[in-house]
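Here is a structure to talk through together, one question at a time.

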Amino acid sequence: MAAMSDVLLRVGRLNYVWTNTESLLIYIIAHLLRVEKDAAIVVFLTLNTTRARIDLIERLSKLASTSPSDRKAILSAMSRLKKESKIRNKYNHCIYSFDEKGEISSTQLMRLVEDDKQIRYGKIEQMDARELDLLEKSIAEIVAISRTLWAFIHASPRISGEL
């Protein structure tokens, strides 16, 4: 079982790096739409889910007006971000179960699974060293995605002056 402070520290770090990385999508939107940062912020905030923001960016990247090199770089970064969003969503939308010592023992996803005969909810996973390692790897990958996005943003002649 994982100590609650260890889990909460990692979930907090996960949210911190996620929020900082997701905010970089504003610049990617500005780049793809060829608009000022203020207009990209309006678009970003109007789309109130990460999924919608990534969908928009992927669709804009696939337009003929997007260079093949930009398309490849952006779609690669979005693919990586989508993968990590699963981890982030898990830890932000689960129920935590506790053992007799008050430590987090498992997570339970709050998602319905329905078949012909029954409705079940929540895949249960043990909160152990493997899960803590998974969290650390996800945090590191989100930081790496952030660096990739920053490199793209700084190389963009359209938005480098907006920084």
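Axes are lines fitted to C-alpha atoms, and the angles between them run from 0 to 180 degrees between N-to-C directions. Please keep in mind that this is a predicted model.

Q: What is the overall make-up of the protein, and which pattern does the protein follow along the sequence?
A: The secondary structure comes to six helices and five strands. Read along the sequence, the pattern is α-α-α-α-α-β-β-β-β-β-α. The C-alpha trace spans about 55 × 40 × 25 Å along its principal axes.

Q: Why is helix 2 called roughly perpendicular to helix 3?
A: The axes of helix 2 (residues 25–33) and helix 3 (residues 37–46) cross at roughly 115° and come within 8 Å. Angles of 65 to 115 degrees count as roughly perpendicular, so helix 2 is roughly perpendicular to helix 3. The crossing in which helix 2 passes helix 3 is right-handed.

Q: Which residues of helix 2 and helix 3 meet?
A: Helix 2 brings L25, I26, Y27, I29, A30 and L33, which meet K37, A40, I41, V43 and F44 in helix 3. By class, this contact of helix 2 with helix 3 has 10 nonpolar residues, no polar ones and one charged one.

Q: What makes helix 1 and helix 2 parallel or antiparallel?
A: The axes of helix 1 (residues 4–23) and helix 2 cross at roughly 15° and come within 4 Å. Angles under 35 degrees count as roughly parallel, and therefore helix 1 is roughly parallel to helix 2. The contact is made by T21, E22 and S23 of helix 1 with L25, I26 and Y27 of helix 2. By class, the residues of this contact divide into three nonpolar, two polar and one charged.

Q: How do you know whether helix 2 is parallel or antiparallel to helix 5?
A: Helix 2 and helix 5 pack at an angle of about 150°, and their axes are 13 Å apart. Angles over 145 degrees count as roughly antiparallel, so helix 2 is roughly antiparallel to helix 5. Here helix 2 passes helix 5 in a left-handed crossing.

Q: Which residues of helix 2 and helix 5 meet, and how do they divide by class?
A: L25, I28, H31 and L32 in helix 2 meet D70, I74, M78 and L81 in helix 5. The contact of helix 2 with helix 5 has six nonpolar residues, one polar and one charged.

Q: How many residues line the largest pocket, and which lie nearest its centre?
A: The lining has 18 residues, and S85, K86, N89, K90 and R111 lie nearest the centre of the pocket. About 400 Å³ of space lies in this largest pocket.

Q: Which elements give two or more residues to the lining of the largest pocket?
A: They are helix 4 (50–61), helix 5 (68–92) and helix 6 (129–155). Helix 5 gives the largest share of the lining, six residues.

Q: How do the residues of the pocket lining divide by class?
A: Asp, Glu, Lys and Arg count as charged, and the lining of the largest pocket has nine charged residues, along with five nonpolar and four polar.

Conventions: Residues numbered from 1 in each chain as written. Predicted model: local features only at pLDDT ≥ 70, side-chain atom pairs only at ≥ 80, totals over all residues. Heavy atoms only, no water. Left-handed = near helix turned anticlockwise from the far one by under 90°. Contact = heavy atoms within 4.5 Å. 1 Å grid on protein atoms, 1.4 Å probe; cavity = no way out; pocket = protein on both sides within 12 Å on 5 of 7 lines; lining within 4 Å. Points joined across faces, edges and corners; volume = space filled by probe spheres on them.
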